[in-house]
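Reader: I would like to go through a model feature by feature. Please give the general idea first and then the case at hand.

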Amino acid sequence: MAKTNQATGLTHNALEIETVIVGNITAPKDLRIDGTVQGDVVCAGKVVLGKTGSIVGNIQCSTAEIAGKVTGNISAQQSLTLKSSSLFEGDIQTASLVIEPGASLNGKCKMSRENP
């Protein structure tokens, strides 16, 4: 479902709470997930995983902000932020990484300014 941000006027895709997708998602612009995805997520823009969100699969995107649970690898070309409520198990490849106190990270991290 596409939503428009009132402040910026930009549209993003959203997966609401209690919605479950079994399969891969490909998005040409920003994507917010508050439900569950069992599959890979490929997004040309930013992926935001809310506190109630869960992904079992790999994420490939430009930037990501994770507040929920991810089991899989993340490849973020520009940056990745793991919020204090995040539970992440997998490997990370990104140019910039921010980990808030309280975040859980179990995996390997490779940081490079080159495209991951």
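Reader: How many bridges pair S10 with strand S12, and in which sense, parallel or antiparallel?

Author: Two strands pair if DSSP finds at least two bridges between them, and strands themselves are DSSP runs of E with at least two residues, numbered from the N terminus. In this predicted model, S10 and strand S12 (residues 74–82) are joined by seven bridges in the parallel sense. Within S12, Leu80 is the bridge partner of Ala64.

Reader: What should I know about the source before reading on?

Author: Residues are numbered from 1 along each chain as its sequence is written, and side-chain values use heavy atoms, with hydrogens and water left out. This is a predicted model, in which local features need pLDDT of at least 70 and side-chain atom pairs count only at pLDDT 80 or more, whereas totals for chains, interfaces and linings use all residues.

Reader: Which other strands pair with S10?

Author: Strand S8 (residues 46–49) pairs with S10 in the parallel sense over four bridges, and Val47 is opposite Ala64 of S10. Strand S7 (residues 41–43) also pairs with S10 in the parallel sense, over two bridges. There, Val41 is opposite Ile59 of S10.

Reader: How many residues of S10 are buried?

Author: Buried means under 20% relative accessible area, exposed over 50%, and partly exposed in between (1.4 Å probe, protein chains only). Six of the eight residues of S10 are buried, so the strand is mostly covered.

Reader: Why does Ser62 count as buried?

Author: Ser62 lies in strand S10 (residues 59–66). Ser62 counts as buried because its relative accessibility is 11%. As for contacts (heavy atoms within 4.5 Å), and leaving aside neighbours within four places in sequence, Ser62 touches Cys43, Ala44, Gly45, Ala76, Gln77, Gln78 and Ser79.

Reader: Where is Ser54 found, and why does Ser54 count as buried?

Author: Ser54 belongs to strand S9 (residues 54–56). Its relative accessibility is 18%, and therefore Ser54 counts as buried. Beyond four places in sequence, the contacts of Ser54 are Gly35, Thr36, Val37, Leu49 and Lys69.

Reader: Which sheet has S9 among its strands, and what is the strand order?

Author: S9 is in an open sheet of six strands, ordered S3-S6-S9-S11-S13-S15, with parallel pairing. Strand S3 (20–22) and strand S15 (104–106) are at the edges with a single partner strand each, so one side of each has no neighbour in the sheet. On average, neighbouring strands of this sheet are turned by 5 degrees against each other, direction ignored. For such angles, axes are lines fitted to C-alpha atoms, and values run from 0 to 180 degrees between N-to-C directions.

Reader: How many bridges join strand S11 to strand S13?

Author: Strand S11 (residues 69–71) and strand S13 (residues 87–89) run parallel and are joined by three bridges. Glu89 in S13 is the bridge partner of Thr71.

Reader: What do the totals for the protein chain look like?

Author: The protein chain has 16 strands and zero helices (H or I runs of at least four residues). Of its 116 residues, 38% count as buried. Among contacts in the protein chain with a separation of 6 or more, 2% are between residues 24 or more positions apart.

Reader: What is the mean pLDDT, and where does pLDDT stay under 50?

Author: pLDDT is the predictor's confidence in each residue, from 0 to 100. The mean for the protein chain is 90, and 87% of its residues reach 70 or more. Over residues 1–5, pLDDT stays under 50, and the model has 15 contacts for them beyond four places in sequence.
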